[in-house]
Amino acid sequence: FNWTVDGGAGRDDHLVAVSRGGDVLPYTGDDPSSDMTWENTGVFYVGRKPRGNRVASEYGGELMLLSKFGITPMSDLLRGVEVTDPSRARVGDKIARLLRIDMREYVGDHGWNIKFVSDEGVVVVSTPLREDGGYRQYVMNTTTAGWGLWRDLPYVCGESYDGDLLIGDPDGRLLRMDTNVDNVPVTGGQGEDIRWFLLTSFSDGGAPATNKRVSFIRPNFSISESTPSVETYALYNYLTLEPAMPVTGPSPTTASLYDTALWDSDKWSAQTLAPYNNVNGAWGMGHTFAIAMTGRSRGTTLLASFGVTWDVGGFL
């Protein structure tokens, strides 16, 4: 793999070789055929390499290595930071536990890849086909450094092309991420709703010793073509159950027609995102709570914030 770095004497390109057993050997110089101009600058260990064609990816000025230890930045190795040091913060720390569980199960299966997709602003870690017949990709938003999951996406390999992410699936099809709905054939069609699930972190509401009871939840969105179908729930005491998806589908927004719609009454269509929120009740009680939300959408749907009301009760 190539890694461009500035060590203080100007930019330099390193050739980084990664062995199957997890040894990392960076080389630098001008001519690999001459030991006078080509040298090895260290030997590092990052844990066993999973089976895949792309187990490292350049991201900005960093080279991220995928191994049984998780995701290790190359710069940490050169600085002498231990890959198992719990005091340091890495780009993949938030998913390290889940990733290591998958590594134990599927490290020898083909399909591991890590890829920085600049057009989508994400880093994608793809995993092999799972025992249940599904796929899972770990996806980091490069703007917020937050991690999420892509599920039910038959991602075998992927590459950016012409502003979109192209995906190869196990049936030999080429899929293109260029619309806000799923499974739209090249010949056209309505496709399927995007189904998603969100779970916030748990909070004690500023009163760690007492019970909390959530009464109302209001998610605040910015939307485009359609209004999403949303269900919200309060989960308590670190329960991470995924609620059921909404039964009804998204509602398309209706554009007002010129010479037909009424001024100061009807809503005119626009290309910009419009605000949308929906208040739902909640039930249950616990010392800590989180907000779970399931939804279906068919257009650009951005979650801006949550509004939550709750009251505080006794210790039992």
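Colleague: Between which strands is the loop that holds Tyr-238?
Modeller: This is a predicted model, in which local features need pLDDT of at least 70 and side-chain atom pairs count only at pLDDT 80 or more, while totals for chains, interfaces and linings use all residues. Residues are numbered from 1 along each chain as its sequence is written, and side-chain values use heavy atoms, with hydrogens and water left out. Strands are DSSP runs of E with at least two residues and helices are runs of H or I with at least four, both numbered from the N terminus. On this numbering, the loop with Tyr-238 is between β19 (229-236) and β20 (251-252).

Colleague: Does Tyr-238 count as buried or exposed?
Modeller: A residue is buried under 20% relative accessible area, exposed over 50% and partly exposed in between, using a 1.4 Å probe and protein chains only. Tyr-238 has a relative accessibility of 56%, so this residue counts as exposed.

Colleague: What is the phi of Asn-183, which is in the loop between β15 (174-177) and β16 (194-199)?
Modeller: Asn-183, with 52% relative accessibility, counts as exposed. The phi of Tyr-238 is positive, near 70°, although Tyr-238 is not a glycine. Asn-183 is likewise a residue other than glycine with a positive phi, and its value is near 55°.

Colleague: With which residues does Trp-196 form a cluster of ring pairs?
Modeller: Rings of Phe, Tyr and Trp (its six-membered ring) pair if their centres lie within 6.5 Å, and a pair is stacked with planes under 30 degrees apart, edge-to-face over 60 and tilted for the rest. The whole structure has eight aromatic pairs. Ring pairs link Trp-196 into a cluster with Phe-221 and Tyr-276.

Colleague: Which strands do the buried residues of α2 pack against?
Modeller: In helix α2 (residues 96-106), the buried residues are Ala-96, Leu-99, Asp-102, Met-103 and Tyr-106. They line one face of the helix, because they fall within an arc of 125° (taken from the directions from the helix axis to the C-beta atoms) when seen down the axis of α2. The exposed residues Arg-97, Arg-104 and Glu-105 are on the face turned away from the buried side. Counting contacts as heavy atoms within 4.5 Å, the buried residues of α2 pack against β7 (62-67), β8 (70-73), β10 (122-126) and β11 (136-141).

Colleague: What percentage of the chain's residues count as buried?
Modeller: The chain has two helices and 24 strands. Of its 316 residues, the share that counts as buried is 37%.
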